[in-house]
Amino acid sequence: MKTQKKRIGVYPGSFDPLTNGHLDIIIRASKLFDLLIVGVLKNDSKKALFTMDERVEHIRKCTKGMENVKVEMFEGLLVDFVKQKGADTIVRGLRAVSDYEYELQMAMLNKHMSQETDTIFFMTDIHNSFLSSSVIKDIAQHGGNIHGLVPEEIVDDIYAKMKGIKTAKL
Ligand code: COA
């Protein structure tokens with residue numbers, strides 16, 4: 001009897017930090033794959049607030065108990081990481097029409113570089129469509145309320161990081 005190939009998807013991003021919007025995509029996408037790998041991009045050209053270890057740890061904490069979700073860092077081309085993991089599908093979220101052009105360009109370029117790789121899109125839940133990692137950092141930095149915008153497990157960590165930054169600037 002022929003054994004069925006494991007369906008592996010990759011959900012890439014910077015996750016600096018993870019938001020409820022990202023987590024919603026992870027939960028929904030994990031239902032489509034035998035294994036969903038959340039790929040955290042090490043990108044030296046985009047200055048991250050959280051270290052790679054912190055970002056990976058945040059996602060691990062928030063996906064604890066989700067047996068088919070793994071979190072890994074990657075650098076270099078996404079299509080290479082996808083191939084290296086034995087995956088053939090990239091997962092992305094679309095929040096608004098404004099995301100579309102950038103996402104279309106990436107999906108097409110990735111397809112051009114790797115014919116076997118497809119990108120699938122989830123429409124972001126309406127409650128999360130206004131979220132981005134930058135706005136979370138901005139709100140937290142100014143002492144605003146980020147509860148309900150990011151997973152509860154990482155709220156304290158985000159405030160603690162912001163406090164450290166404020167202190168360092170004094
Ligand atoms: N909910 C909430 N926010 C979301 C979201 C969602 N569902 N989806 C995206 N975002 C936000 C992120 O928080 C982030 O916000 P910020 O700009 O305020 O930080 C922004 O949208 C985009 O971030 P992200 O999803 O992390 O994408 P990115 O643009 O940082 O990275 C990669 C996208 C990792 C897929 C892309 O850069 C990549 O593939 N890099 C590897 C190199 C490569 O292969 N390049 C060629 C590609 S063609």
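In this predicted model, strand E2, helix H2 (residues 52-62) and strand E3 form a β-α-β unit of right-handed sense. The two strands of this unit, E2 (residues 35-41) and E3 (residues 69-74), run parallel and are paired over six bridges. Within this pairing, Ile37 has Lys70 of E3 as its bridge partner.

E4 and strand E5 (residues 118-123) are parallel and are joined by six bridges. Here Val91 is bridged to Ile120 of E5.

The loop between E1 and H1 was examined next. Phe15 lies in this loop between E1 and H1. Phe15 is not a glycine, yet its phi is positive, at about 50°. Pro17 is located in the loop between E1 and H1 as well. The peptide bond that leads from Asp16 into Pro17 is cis, and its omega is near 5°. For context, most residues other than glycine have a negative phi, and most peptide bonds are trans.

Attention then turned to the pockets. Rolling a probe the size of a water molecule over the atoms shows where empty space is left. The largest pocket has a volume of about 1,100 Å³. Its lining comprises 42 residues. Those nearest the centre of the pocket are Gly13, Ser14, Lys46, Arg92 and Tyr102. By class, 17 lining residues are nonpolar, 16 are polar and nine are charged.

Several elements contribute to this lining. At least two residues each come from strand E1 (8-13), helix H1 (20-30), helix H3 (78-84), strand E4 (89-94), helix H4 (97-113) and helix H5 (133-141). H4 contributes the most, with nine residues in the lining of the largest pocket.

The surroundings of the ligand were then considered. There are 23 residues around the ligand. Ser14, Lys46, Leu78, Ser133 and Ser134 come nearest to the ligand. Ser14 and Lys46 are also among the residues nearest the centre of the largest pocket.

Tyr102 places an N or O atom of its side chain 2.9 Å from an oxygen atom of the ligand. Tyr102 is also one of the residues nearest the centre of the largest pocket. The side chain of Ser132 has an N or O atom 3.3 Å from an oxygen atom of the ligand. Leu131 takes part through its backbone: a polar backbone atom of Leu131 is 3.3 Å from a nitrogen atom of the ligand.

Note on methods:
Residues are numbered from 1 along each chain as its sequence is written. This is a predicted model: local features need pLDDT of at least 70, side-chain atom pairs count only at pLDDT 80 or more; totals for chains, interfaces and linings use all residues. Side-chain values use heavy atoms; hydrogens and water are left out. On a 1 Å grid over the protein atoms alone, a cavity is a set of points where a 1.4 Å probe fits but cannot get out, and a pocket is an open set with protein on both sides within 12 Å along at least five of seven lines; lining residues have an atom within 4 Å of a point. Grid points are joined across faces, edges and corners, and a volume is the space filled by probe spheres set on the points. Helices (H or I, at least four residues) and strands (E, at least two) are DSSP runs, numbered from the N terminus. Ala, Val, Leu, Ile, Met, Phe, Trp, Tyr, Cys and Pro count as nonpolar, Asp, Glu, Lys and Arg as charged, and the others, Gly among them, as polar. Two strands pair if DSSP finds at least two bridges between them. A residue is near a molecule or strand if one of its heavy atoms lies within 4 Å of it. A polar contact is a pair of N or O atoms within 3.5 Å; within protein, one must be able to donate a hydrogen and the other to accept it, and residues adjacent in sequence count only if both atoms are side-chain atoms. A crossover is right-handed if, with the strands pointing away from the viewer, the path from the first strand over the helix to the second runs clockwise.
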